[in-house]
Amino acid sequence: MRLNSRISKRLAALALAVAVAVTAGCGVSVPRQESRWTALLEEVRAFERRIGFSRTDNFLDLSKEEEAITVCGRASRLYLPYSYQDPAIQWRNSVTEQECRKGFEGSDIFYSKVEAWGEVGTPVTPSMLEGRLDRFFYLVIHEDCHDQFDLPYGVEEALCNVIAYKAMPVFSRERYGANSREHKVVSQYADRQEVLTRGTKASYEQLEKLYGRYGRKEVSAEELLRERAALFRKAEKALAWRRGALNNVGLANDMTYSRHYPLIESAYNALGRDLERTVALFKRVDEIKPSRQAVMKRHRITDEKGVELIRAYEAEVVNVIEQALAEALQS
């Protein structure tokens with residue numbers, strides 16, 4: 001995730017923080033001894049290079065200062081943000097939950113603790129080493145993936161989740177064996193997150209229709225809030241959120257990772273479920289994508305920080321993906 005200045009880099013852990021909390025304790029732990037987890041990290045990195053990743057500076061050091069990072073998002077209940085990048089969400093980090101909520105009664109508040117910031121040179125935190133092996137693999141592959149591309153955030157988050165969820169079971173099968181407990185746990189994690197991704201997209205699109213009706217003045221604010229409460233109760237069960245925890249900010253954040261997931265997964269499938277070809281395709285997309293300035297000019301957008309540009313830029317890159325995939329399948 002990328003939020004404000006420091007928060008403007010990615011925070012991949014946030015998208016799945018709730019699901020992880022629900023299933024914690026049933027997996028395989030990360031090796032605590034430094035020589036063992038660093039050796040495992042090198043094996044993951046060797047696998048990444050095989051599928052086309054360049055080396056990164058992530059996770060080379062152990063941070064003893066940050067156990068976990070807090071993040072706070074706030075937005076009006078009467079507006080459904082497009083993604084975590086939507087300026088309608090006010091993001092803050094390094095605050096307590098009380099500070100997050102203070103003065104924003106009646107707003108949607110999202111408060112969470114996460115294992116790692118996604119930024120160049122991010123360290124391994126104690127929270128990562130105290131967690132599960134599947135989560136460790138996810139964070140490393142997802143964050144290293146971000147350093148390979150410079151795509152719109154809503155496209156890149158989905159891309160790096162596709163690559164992570166497809167790569168994790170391949171690596172664990174090679175590393176531990178097809179019948180190992182480790183491989184079973186890692187595969188189940190990836191499968192479960194893909195189910196949650198599809199559920200997130202479906203839930204968001206239902207809520208989007210409701211907010212569309214509100215925007216057209218077909219329902220009142222009171223009716224909007226009442227109907228969305230019913231949708232959230234249903235979504236919380238489907239998406240493994242704690243009862244009463246899901247709101248517009250949390251769902252919009254997760255939608256950033258989910259909106260373009262089906263498209264990118266379909267590209268991966270069309271390329272024979274080949275990770276190396278998929279990485280190469282999106283490096284090509286990165287090379288030929290239009291600039292933000294070109295998108296602004298073409299669509300006559302004047303606000304370079306507004307949601308209109310976020311939507312338009314993602315849409316243009318989606319067109320480039322479809323074009324690049326067609327060319328790749330013909331060659």
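Of the 331 residues in the protein chain, 53% are buried, where buried means under 20% relative accessible area with a 1.4 Å probe and protein chains only. The model is predicted, so that local features need pLDDT of at least 70 and side-chain atom pairs count only at pLDDT 80 or more, while totals for chains, interfaces and linings use all residues. Residues are numbered from 1 along each chain as its sequence is written, and side-chain values use heavy atoms, with hydrogens and water left out.

The secondary structure comprises 13 helices and three strands, taken as DSSP runs numbered from the N terminus (helices H or I, at least four residues; strands E, at least two). Among contacts with a separation of 6 or more, 74% join residues 24 or more positions apart, a contact being heavy atoms within 4.5 Å. The accessible surface of the chain is about 15,200 Å², and carbon and sulfur atoms hold 47% of that area, as computed by the Shrake-Rupley method with a 1.4 Å probe.

Two nonpolar cores are described below, each a set of buried Ala, Val, Leu, Ile, Met, Phe, Trp, Tyr and Cys residues joined through side-chain atoms within 4.5 Å.

| Core | Size | Residues named |
|---|---|---|
| Largest nonpolar core | 59 residues | F137, F149, L151, I163, M168, F282 and V285, which touch the most other members |
| Second, separate core | 24 residues | including L80, W91, A245 and V249 |

In the largest nonpolar core, with its 59 residues, helix α6 (residues 153-176) gives the most, with 11 residues.

The structure also holds two cavities of 30 Å³ or more; on a 1 Å grid over the protein atoms alone, a cavity is a set of points where a 1.4 Å probe fits but cannot get out, and its lining residues have an atom within 4 Å of a point. Grid points are joined across faces, edges and corners, and the volume is the space filled by probe spheres set on the points. The second largest cavity contains about 40 Å³ of space and is lined by S203, Q206, L207, L231, F232, A235 and L251. The elements giving two or more residues to this lining are α7 (181-215) and α8 (221-239).

Helix α2 (residues 34-50) contains E48, a residue that is buried at a relative accessible area of 2%. Beyond its neighbours within four places in sequence, E48 is in contact with F53, V140, I141 and D144. E48 also lies 8.8 Å from C145, C-alpha to C-alpha, although the two are 97 residues apart in sequence.

Notes. 1 Å grid on protein atoms, 1.4 Å probe; cavity = no way out; pocket = protein on both sides within 12 Å on 5 of 7 lines; lining within 4 Å. Buried < 20%, exposed > 50% of the residue type's maximum accessible area, 1.4 Å probe, protein only.
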